[in-house]
Amino acid sequence: MDAAFFAGWLRRAAELIEADSERLTRLDAAIGDGDHGLNLNRGFSAAVAALPALPDDTVPGKVLIAAGRAIVSKTGGASGPLYGGALRAAGKALGDAPDVDEAALGAALRAALDGIQGLGQAAMGDKTMVDALAPAVDAYEQALRRHGDPAACAEAAAEAAAHGAVATVPLQARKGRASYLGTRSIGHEDPGAASTVLLMRALADAAAGTR
Amino acid sequence: MDTRGTVGIVVISHSRMLAEGVVELARELGGGRVLIEPAGGDASGGLGTSIELVEQAVRAADSGAGVVLLADVGSSVLTAKSFVADCEADEAIGTQEVVLADAPLVEGAVAAVATAAGGADLATVVAAAGEAYDFRKS
């Protein structure tokens with residue numbers, strides 16, 4: 001997978017976020033401050049807009065780092081540093097390789113998760129994006145061990161993220177603004193987990209094109 | 001005013017008005033010897049946090065002895081942490097010596113300014129801000 005693949009992933013992610021922006025904002029209005037869709041839409045649009053400025057011979061790692069920087073700058077809420085930092089961590093993990101295989105992508109996803117957890121200090125079950133991303137990374141790695149191709153690994157990740165997001169509904173938030181609500185956060189899907197599903201779905205869509 | 005050699009302070013809040021208010025309150029206590037700057041709200045002045053506003057404020061507060069960040073809630077803290085990580089990785093241009101204090105916003109800013117005004121070093125100012133958690137009110 002080359003730089004064009006990663007640019008395609010980001011463009012697909014921006015499309016899915018724009019399409020689901022209202023739903024994300026509605027989820028956030030229930031247990032947060034109701035700006036998640038708007039913020040992410042702004043951040044990922046800025047990421048896509050930053051791509052044409054990259055040199056033609058840019059590498060996948062640089063694509064993710066540039067996108068991450070734009071997302072940190074333009075998002076505005078907590079998801080900016082978290083997703084932006086995650087993409088930058090993933091980009092650093094990819095290094096200067098002009099082409100990455102499914103194992104390197106798996107390592108980058110693991111680095112993204114580590115970046116999010118390092119910054120936000122959230123664990124599984126805290127009702128955050130980690131509840132979607134951690135199972136997604138685990139599922140990706142499992143598929144990789146079964147010698148899955150990029151499309152199979154990414155599809156497994158997307159499905160696991162979706163299950164993980166649904167599983168946040170009965171949880172009580174222990175991180176983020178929703179944690180101030182105490183038990184009233186129970187019964188709502190976490191908006192950060194919901195947006196992570198879109199990012200993993202975008203990856204699966206992009207990877208399906210590699211077959 | 002002569003602020004050379006004193007630790008600078010940046011107050012990061014979700015709200016531009018809150019950051020400016022804390023700065024107004026704390027600046028008075030610095031007796032003109034401490035640079036304290038607000039970084040509140042998102043880039044368009046709404047609620048949120050902007051890493052670019054943080055960077056501008058750090059530049060303005062830096063007089064060579066390091067800068068202490070104080071943050072209120074949520075994305076303020078995460079943005080501050082991202083900025084510190086950038087400084088450590090030398091990706092941001094500002095001072096290398098930027099520390100996020102684990103401190104309450106208002107009391108921490110007051111304690112940090114009072115301590116910095118006395119010429120204390122960065123570690124001492126950060127510690128003073130953190131000790132503000134111990135100010136009991138009843």
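With 16 C-beta neighbours inside 10 Å, A:Gln172 counts as partly exposed. The model described here is predicted. A:Gln172 sits in the loop that runs between α8 and α9 (191-208) of chain A. Setting aside neighbours within four places in sequence, its contacts are A:Lys127, A:Gly182, A:Thr183, A:Ser185 and A:Ile186. One of these, A:Lys127, is 45 residues away from A:Gln172 in sequence. In space, the C-alpha atoms of A:Gln172 and A:Lys127 are 6.7 Å apart.

A:Lys127 belongs to another loop, between α6 and α7 (130-145) of chain A. A:Lys127 is buried, with 28 other C-beta atoms within 10 Å. Its backbone also deserves a note. Most residues other than glycine have a negative phi. A:Lys127 is not a glycine, yet its phi is positive, at about 70 degrees. A:His147, also not a glycine, has a positive phi of about 65 degrees. A:His147 is placed in the loop between α7 and α8 (150-166) of chain A. The surroundings of A:His147 hold 9 C-beta neighbours inside 10 Å, so this residue counts as exposed. A:Lys127, in contrast, is buried.

An unreviewed UniProt entry lists residues 4-205 of chain A as "domain: DhaL". This span is 69% helix and 0% strand.

Chain B contains a sheet. Its 4 strands form an open sheet in the order β2-β1-β3-β4, with parallel pairing. β2 and β4 of chain B are the edge strands, and each has a single partner, so one side of each is left without a neighbour in the sheet. On average, neighbouring strands are turned by 20 degrees against each other, direction ignored. Two helices that pack on this sheet can be described in turn. α1(B) touches β1 and β2 of chain B, and its direction makes about 165 degrees with that of β2(B). α2(B) touches β1, β2, β3 and β4 of chain B. The direction of α2(B) makes about 175 degrees with that of β2(B).

Strand β1(B) pairs with β3(B) in the parallel sense, over 5 bridges. Within that pairing, B:Ile12 has B:Ala71 of β3(B) as its bridge partner. β1(B) and β2(B) also run parallel and are joined by 5 bridges. Here B:Ser13 stands opposite B:Gly40 in β2(B).

How many residues of β1(B) are buried? The count is 6 of the 6, so the strand is largely enclosed by the rest of the structure. Both of its faces are covered. B:Gly8, B:Val10 and B:Ile12 are buried on one side. B:Ile9, B:Val11 and B:Ser13 are buried on the other.

Helix α2 (residues 51-61) of chain B has buried residues as well. They are B:Ile51, B:Leu53, B:Val54, B:Glu55, B:Ala57, B:Val58 and B:Ala61. An α-helix has 3.6 residues a turn, so residues three or four places apart point the same way. The cover over the buried residues of α2(B) draws on both chains. From chain B it includes β1 (8-13), β2 (36-40), β3 (67-71), α3 (75-88) and β4 (98-100). From chain A it includes α4.

The last topic is the contact between the chains. The contact takes 13 residues from chain A and 12 residues from chain B. On the chain A side, α4 (60-74), α5 (79-94) and α6 (102-120) each supply at least two residues. Which of the helices gives the most to this side? It is α5(A), with 4 residues. By type, the residues on the chain A side that touches chain B divide into 5 nonpolar, 7 polar and 1 charged.

How values were computed:
Residues are numbered from 1 along each chain as its sequence is written. Chains are lettered from A and ligands numbered from 1 in the order in which they are written. This is a predicted model: local features need pLDDT of at least 70, side-chain atom pairs count only at pLDDT 80 or more; totals for chains, interfaces and linings use all residues. Two residues are in contact if their C-beta atoms, placed from the backbone, lie within 7 Å. Ala, Val, Leu, Ile, Met, Phe, Trp, Tyr, Cys and Pro count as nonpolar, Asp, Glu, Lys and Arg as charged, and the others, Gly among them, as polar. A residue is buried if 20 or more other C-beta atoms lie within 10 Å of its own, exposed if 12 or fewer, and partly exposed in between; C-beta atoms are placed from the backbone. Two strands pair if DSSP finds at least two bridges between them. UniProt positions are given in the numbering used here, feature names are shortened, and annotations may be inferred rather than shown by experiment. Axes are lines fitted to C-alpha atoms, for helices over the stretch in contact, and angles run from 0 to 180 degrees between N-to-C directions.
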